[in-house]
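Here is a short report on the salt bridges and the core of one protein model. The sequence and structure come first.

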Amino acid sequence: MTPELRALADRFIYEQATVKHIASLAPPDAFERTVHGGGWTVRQLFAHLAACLGDYQALIERLLRDEPPLGGWDRDASNRQTSKRFASASLDELLVLFGSGLNGLIAAMAAIPDERLTEPLGPGDVLSCLQALGEHYLSHAIVLVDALPEVRFDPLVLNWLLSANFEEDDNDEPTAWQQRLLADAEEYIASQLDEESDEGDE
């Protein structure tokens, strides 16, 4: 792998592990909550994030077979199929889907010859297409954590969200969201320290 592709593979590994961690932290009844703006449940969003890894693997494998990578693929239809298929999936099933999807994707990425990364694909080349796919998890991060406020102060989750470079919208909403999260986290940590101090004084 080139350094750029290796960095992208590392990102997939890190973010997949973080989202799996979030799924493991979520209370069992939280999986039926509705995610803002998408009409999906939390369970279906986890399934979507897990299943997309297999979609990316299939895209790369079609590319390596010199087939049109996006030929005949309907994103909306694929999303509907995934949300229906995994509407009742258990946490264990989702974790298995994450793991198998990641393993297949990393193997497919490792099989891409370095010289093919600069081949045209979509509006750019193969590498830029894969880098765009690497933004997918972050595009769902805010609505996922808003639906699962219980997980937002977990150190691994905080590190991911506060260090992320979100694509800005016209109102700089992601940055404002990060600032609110940081302020809430600082207040939460201060309250925990105060409690520990009070317990020590007793």
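Glu15 pairs with Arg11 in a salt bridge, with the closest N and O atoms 3.4 Å apart. A salt bridge here is a side-chain nitrogen of Lys or Arg within 4 Å of a carboxyl oxygen of Asp or Glu. Glu15 and Arg11 sit four residues apart in helix H1, about one helical turn. Helices (H or I, at least four residues) are DSSP runs numbered from the N terminus. Glu15 is buried at 6% relative accessibility, and Arg11 is partly exposed at 23%. Buried means under 20% relative accessible area, exposed over 50%, partly exposed in between (1.4 Å probe, protein chains only).

This is a predicted model: local features need pLDDT of at least 70, side-chain atom pairs count only at pLDDT 80 or more, and totals for chains, interfaces and linings use all residues. Residues are numbered from 1 along each chain as its sequence is written, and side-chain values use heavy atoms, without hydrogens and water.

Glu32 lies in the loop between H1 and H2 and Arg43 in helix H2, so the pair ties together parts eleven residues apart in sequence. Glu32 is partly exposed at 45%; Arg43 is buried at 11%.

## The core

The largest nonpolar core has 62 residues. Such a core is a set of buried Ala, Val, Leu, Ile, Met, Phe, Trp, Tyr and Cys residues joined through side-chain atoms within 4.5 Å. Helix H2 gives the most, 13 residues.

How values were computed: Helix = DSSP H or I, 4+ residues; strand = E, 2+ residues; numbered from the N terminus.
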